Amino acid sequence: MAIGPLLFVRLKLRVLGNGMRGRRGRVVLFILGLLFGLWWAFGGFFLFAAPGLADDPDVAMLVSAAGGGLLVVGWLLLPLVFFGVDETLDPARFALLPLPRRTLVTGLFAAALVGVPALATLIATGGLVLGAGALGGWGAALAQAAGIAAGLLLCVAASRAITSAFATMLRSRRMRDLAAILLAVLAAVLGPLQVGVIAATENTDWERLVGPARVLGWTPLAAPYTLGVDVAEGRAWAVPVKLLITAAAIAALLWWWARSLEAAMVGTEGGGKVGRAAQGTAVAELFPRSMPWLPRNRYGALVAREARYWWRDARRRAGLITFAVIGVFMPVMINVGTGGLGDAASPTVVGLSMTFVGVLGATTLANQFGYDGTAYAANVVAAVPGAVELRARVTAYSTYIGPLLLVIAVVVASVLREPSWIGVMLGSLCAAYGAGLAVNLFVSIVGAYALPETSNPFAVNTGSGIAKSLLSLVGMVGSVAIAVPMVVASALLGDAPLWLWLAAPVGVAYGVGAAWLGTYLAGDLLDRQMPELLAAVTPRR
């Protein structure tokens, strides 16, 4: 029997159906994800269709190019930050099958097109077809229909290629430092780029943005989404050229994905050097040399183990690197965008942006037990007290995030040229981070879900993408609610000299207190739900 893309699609649907059989929670999450996707899709549909229905070709070109470009960038970044990648068909499971590379890539690519994100994207960009039809008739509508189909292929191919390549880099010990540097460079570029875009928006009118939008329409980012406007404006010759540009980009991305896919299938670890032989006793080797302050007891052993896992596990390391990148460029983007390099930057806006970053830093723990999987059984058998376990996990995670918060405060203050605001920034970060820890400890117990047994750090089971995003959203909303007192204090006191000195110790004390209270209350809940938690994080084979 010939093996074609349709077989992979049927296999995915079969795995999806079997995974939901008898699991009401997963069915509910899938339905919620579908409803959320449809809500987003129809909102995008009317946004894309509005300029064409208003008979304004310039605005239609602007919306098509900018919206299409943002859509492709969203497919690139959102799986890394929030949603993860659907790994219903794990490439590693095909490693022992005699499948040609082309068959495997085309099959997995076809299977990736089946899902809520692809359906939502297709519906949303369908508004471009309606708008193009209103502007240029059936010819423009047909050209745009071909464009949105090509655009969907481009989005999926780009998402798969980037996440697969990034996952491969993070698995390699040798390459992880290079990945961190590349991400830091990316963060450094995004800030000035955002400044330039905002300056262009403030200093020019909409008509002057149409020119850059037309240029953007000739790049792979927006080429497939501007075909209808081109036909409506009498440039039908541009359709085959832009389709060729899109096809070349898709082919290049699939070739890149195929190269990194082989590494994912064999699970290479980058050929790192063999570690040195253990020296000393097993207990002495357990505790890292960078943590001599840890007590030699159960709590210290848990902290040492978790600290090693956060550095060595590709999934956890991906979360740390992602936060390091977002934590730097997000507050810079918000504050520079609203104030402009300290000329009119507001302490209130700075405090709010730091609150968001602090809350975001704690969301990585929203499914902390899912990282353990079946290994959590050892803690259940050992009857580790819940409060001790949660404090150890929080301490280990904070050994990485704590210094990052200080670095973020210093970097943002330097960019804004407001060194006196470091205390306010650090206090807001710590208060929000502590509040986020308190909330996410509960979320990690009541909302835990199993992660797929794959080496891809961004992989999630089918239907788990919406669970991951909903858990993150719930954790962030609850964390902001708890951090409100610090936000109100920053808003009311602003840049008062006394507050600039007191904000840091007050914020640190608030965050530590919130985190300690969270471990105490959530620990009691963990003591009662250990078996249920183990069942929730155990993958079904």
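Helix H4 is mostly covered, with nine of its 12 residues buried. Buried here means under 20% relative accessible area, against over 50% for exposed and partly exposed in between, with a 1.4 Å probe and protein chains only. The buried residues of H4 are Thr-103, Leu-104, Val-105, Gly-107, Leu-108, Phe-109, Ala-110, Ala-111 and Ala-112. The model is predicted: local features need pLDDT of at least 70, side-chain atom pairs count only at pLDDT 80 or more, and totals for chains, interfaces and linings use all residues. Residues are numbered from 1 along each chain as its sequence is written, and side-chain values use heavy atoms, with hydrogens and water left out.

Next come the neighbours of H4. Two packed helices are described by the angle between their axes and the distance between the axes. The axes of H1 (residues 5–20) and H4 come within 8 Å and cross at roughly 50°. H1 is therefore oblique to H4; under 35 degrees counts as roughly parallel, over 145 as roughly antiparallel, 65 to 115 as roughly perpendicular and the rest as oblique. The axes are lines fitted to C-alpha atoms over the stretch in contact, and angles run from 0 to 180 degrees between N-to-C directions. From H1, Pro-5, Phe-8, Val-9 and Lys-12 make the contact (heavy atoms within 4.5 Å). On the H4 side are Thr-103, Leu-104, Thr-106, Gly-107, Leu-108, Ala-110, Ala-111 and Ala-112. By class, this contact of H1 with H4 has eight nonpolar, three polar and one charged residues.

A second pair is H16 (residues 386–416) and H20 (residues 497–528), whose axes come within 7 Å and cross at roughly 135°. H16 and H20 are therefore oblique to each other. In H16, Gly-386, Ala-387, Glu-389, Leu-390, Arg-391 and Val-394 meet Trp-516, Thr-519, Tyr-520, Ala-522, Gly-523, Leu-526 and Asp-527 in H20. The contact of H16 with H20 has seven nonpolar, three polar and three charged residues. Ala, Val, Leu, Ile, Met, Phe, Trp, Tyr, Cys and Pro count as nonpolar, Asp, Glu, Lys and Arg as charged, and the others, Gly among them, as polar.

The protein chain as a whole has 21 helices and two strands, taken as DSSP runs numbered from the N terminus (helices H or I, at least four residues; strands E, at least two). Of its 541 residues, 49% are buried.
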